[in-house]
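Please look over the model shown here. A short briefing follows, grouped by topic.

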Amino acid sequence: MGLPIMFCLSVVFFVGMTIRRAWKYAKQPAHLRWELHPGIVKEGRPGGGSYFEAMNGSLRPRKRNPLGEIKFIGREILFFRMYFLQKKKYWLSVYPFHLGIFLLFGWWFWLLAGSVLSTTGVPIAPDAPHFLGRAVHYLTILTGGAGMGLSGLGTVGLLWRRSRDAELRMYSSPKDYFTLAFMLAVLSSGAFAWIFQDPFFQAIREFVTTVITWSRGGRLNAATTLYLIMFSLFVLYAPFTRMMHFVAKYFTFHAVLWDEAASGPGSRLQKKIEKQGEYRMSWSASHLRPGETWREEILRTEEASEKAAQP
Amino acid sequence: MKKKPRIRDISARVEPLVEITTDELMPLPSPYEAADRNPPIEPLSAEQQEKYESSLDGVAALGLEKPKSREEEERLVGSFLNGLKKLLTREDNWTFLQPLVLSLENCAKCQNCSDACPVFLASGRQEAYRPTFRSEALRRIIRKYLNQKNPLLSRFEGNDVELNWRTAARLGELAYRCTLCRRCTQSCPLGVDNGLIAHEIRKIFSQELGLAPKALHAHGTVQQLKAGSSTGLAPKAFKGIVRFMEEEIEEKTGKSVKIPVDKEGAEVLLVHNSGEFLSWLENPIAFAILFESAGVSWTLSSQLGGYEATNYGVWYDDIQFARIARRQADVARKLKVKKIVVGECGHAHKALAVVADRLFSEETEIPRESYLPLVEDIVCHDRIRLDPRKNDFPVTLHDPCNVVRLMGIVEPQRKILRKVCPQFREMTPSACQNHCCGGGSGLVNMDSTNFRNWGISVAGRMKFKQILEAFQDVKDPAIPKYVCLPCSNCKGQMRDVFNFYRAQEKSGLYYGGLVELVVNAMTDLGTPFLPWTKRP
């Protein structure tokens, strides 16, 4: 049971760290407005304009455009459009890398679905009597094979670019290379197991079944065992890398660059800002008084300017 | 060519990280191919080099004096680190903590942003000016000195920047080699904001070390809070200028206009950058003619803080910024106007209408808008009679970053120009993808030592190139061309750039605001408002 426990712990750890990171970003104090255009929050205006384009626009209710936000982010996630438009060579590596990872998430989903189905008596095989059994069989092979292939290619591409391209190399740390090399090792072990020992992912599906049913399964082949150990270790390591930037994307766009919300009278935002105005600051330049609240400091204009004017 | 500096060289390398030579700068189109002085930036005098920190690129923007003793150096470095810690706490930096943390923790180091930065490109891709250079140096300092205590793990993470006085001073200078135009942010697939990181470094220097460019602090926000404006224009002198404006209007147009000042209950309190009153009086005059002709209920204010739209605090100090914004809103409320309308000043737009938005409570709130929709309404709904033939010369539009990319006002100015300028043409790129004039975030105001050389030769280079390219089909200097710069700072920047390159003489380039073009097209003005458009 050692491997299933290790596998479960690593997945739980990863999910926990992801939630922790999202929570950290979500619980930051309300900030001053700092949006960027063309924004998503617009009322069908050409050129990416904002409510400021209209007379008395500041008095209008500021509505968000959730569909527009999903469309933008979805397009970015699915196609990496900004890279494609601005840095095509990099896109050739970064896109397959990410697309492969998304497919591998899909692969784990189909492995899980196959395990659930097989425990309920639906066999997963190319000649399975039930349509679902056949569909899951092929989808698992498709997502697993394509995922490993694409992310493997992408990882090699990123490693190559990061070591060959001077502007990327200068900003890369030993950890960046290690992370990519580790990822490549995990993918290679997975591909080896798939090609030489488990072409239909039967063994790994059985492993998932032992995990979800918490039962003692049959003996796993060596290559799949090695892959699962490496995968678990990588999942434990990933939260300490820049790979976690996926958590931030929602916040950078939704909560900063597209956030035009007003702190209207009595709003939650205004209450938050008022509370933050009572924070005591400790900045120690001569035009400020450490220990005073933001509100006190902001209102203390004349005296402050006198003092700051002194040499 | 000198070897490209690595990030760790910010602390290690003794000689300057950047050496600007004419050969390496981005080339300009004809007839400016060889127009730069060689060297394009005057070296500091021996005395200045001795006194000021200039080890980044031989330029002293901040006017940082070198520490005189080991103790002073240690104190300054300690203060920098303290400031950095405070920048990461909610009590000291709730104003920008969330965007800052997101930007510090999530850069993929893909360098997508580099090709968006006009300073980096115009400089000939000088490594230290790359948007990620200062950000990455700051990240490495944070990880090494505040997060990762294990030296082995720290090295594994690449945290190789030593924090010493040279590092702190170079970071301070680098924060003023960025115009905060945030074009880099626009190109980042993760929304990481290198402009914000530059802004936050400026805050460490101002709010903790008490070090900010004189032009922005002592002669800027402090003077504004004390004397009423960042130009030092006092209320009495302001009233005198308004009387002079009325005389000018009568003399030039034959119209007798009484400019309303401190008129209680007006619809609109119009606030200008006070630099307009001193350097480009034709702009507030044009507003007065336009608003009076269109029957707008408006007023100017002569109260302390009421006739100055600028707020330099938005570039370097959150508290100074908030103090000024509050005072501007107070003046408007006391005058019982319906709203504040900001004139042709880009950063004032962003500061008062956007960044200050959440600082106002129910009692202090007052609507704050741009002049653009109002002027669009006047022009496009025929509230005045216009003859576009009076503006029959090539015109191009510069989009001030603060109004367009950072605030989302894109179309009104275009609708106005299409209506009054038959030869209007766009620059490339334009609108939200525009390039900064190079004087943004206070850079145009900072004239100490040789910094203006840098502002013209490097920061203003991309915009100058864009302007020249917009007029490629009418290169003859005998054909006057108008660069519409609807922002005081952008005008100041292009004034200096045009003078440096003798652009009026060589290319027939004139510059000015947007409202001047509208007034120039008014049919009931006998003489052209723009004197150079008079037909021989």
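**Briefing**

A:R161 sits in helix α5 (residues 131-164) of chain A; helices (H or I, at least four residues) and strands (E, at least two) are DSSP runs, numbered from the N terminus. This is a predicted model, where local features need pLDDT of at least 70, side-chain atom pairs count only at pLDDT 80 or more, and totals for chains, interfaces and linings use all residues. Residues are numbered from 1 along each chain as its sequence is written, chains are lettered from A and ligands numbered from 1 in the order in which they are written, and side-chain values use heavy atoms, with hydrogens and water left out.

**A:R161 in chain A**

- A:R161 counts as buried because its relative accessibility is 14%; buried means under 20% relative accessible area, exposed over 50%, and partly exposed in between (1.4 Å probe, protein chains only).
- Not counting residues up to four places away in sequence, A:R161 touches A:K89, A:Y90, A:S93 and A:L168. Contact means heavy atoms within 4.5 Å.

**Chain A overall**

- Chain A has 13 helices and zero strands.
- The radius of gyration of chain A is 26 Å, whereas a compact globule of 311 residues would have one near 19 Å. The radius is taken over C-alpha atoms, and the globule rule is 2.2 Å times the number of residues to the power 0.38.
- Along the principal axes, the C-alpha atoms of chain A fill a box of roughly 80 × 45 × 45 Å.
- Of the 311 residues in chain A, 51% count as buried.
- Take the contacts in chain A between residues at least 6 apart in sequence: 64% of these join residues at least 24 apart.

**The interface of chain B and chain A**

- On the chain B side, 95 residues are in contact with 89 residues of chain A.
- About 8,300 Å² is buried between the two chains, and carbon and sulfur atoms give 59% of that area. Buried area is the accessible area (1.4 Å probe) that two parts lose on being put together, summed over both.
- A salt bridge is a side-chain nitrogen of Lys or Arg within 4 Å of a carboxyl oxygen of Asp or Glu.
- A:D259 and B:R358 form a salt bridge through their side chains, at 3.0 Å from N to O.
- Helix α17 (residues 318-335) of chain B gives the largest share of the side of chain B that touches chain A, with eight residues.
- By class, that side of chain B has 39 nonpolar, 21 polar and 35 charged residues. Ala, Val, Leu, Ile, Met, Phe, Trp, Tyr, Cys and Pro count as nonpolar, Asp, Glu, Lys and Arg as charged, and the others, Gly among them, as polar.

**Backbone features**

- The peptide bond between A:H37 and A:P38 is cis, with omega about 10°. A:P38 is in the loop between α1 (2-26) and α2 (66-79) of chain A.
- A cis peptide bond also runs from B:T428 to B:P429, with omega near -10°. B:P429 belongs to the loop between β6 and α21 (451-459) of chain B.
- B:L180 is not a glycine, yet has a positive phi near 55°. B:L180 lies in the loop between α9 (165-174) and α10 (183-186) of chain B, and counts as buried at 5% relative accessibility.
- B:R182, also not a glycine, has a positive phi of about 65°. B:R182 is in the loop between α9 and α10 of chain B and is buried, at 2% relative accessibility.

**Buried sites in helices of chain B**

- B:T253 is in helix α13 (residues 235-253) of chain B. B:T253 is buried because its relative accessible area is 16%.
- A polar atom of the B:T253 side chain lies 2.6 Å from the backbone oxygen of B:I249. The B:T253 side chain also reaches the backbone nitrogen of B:K255 at 3.1 Å.
- Helix α20 (residues 412-420) of chain B has buried residues, including B:I416, B:L417 and B:V420. The buried residues of α20(B) pack against α19 (371-380), β5 (395-397), β6 (424-425) and α25 (515-520) of chain B.

How values were computed
Polar contact = N/O pair within 3.5 Å; in protein donor to acceptor, adjacent residues only side chain to side chain.
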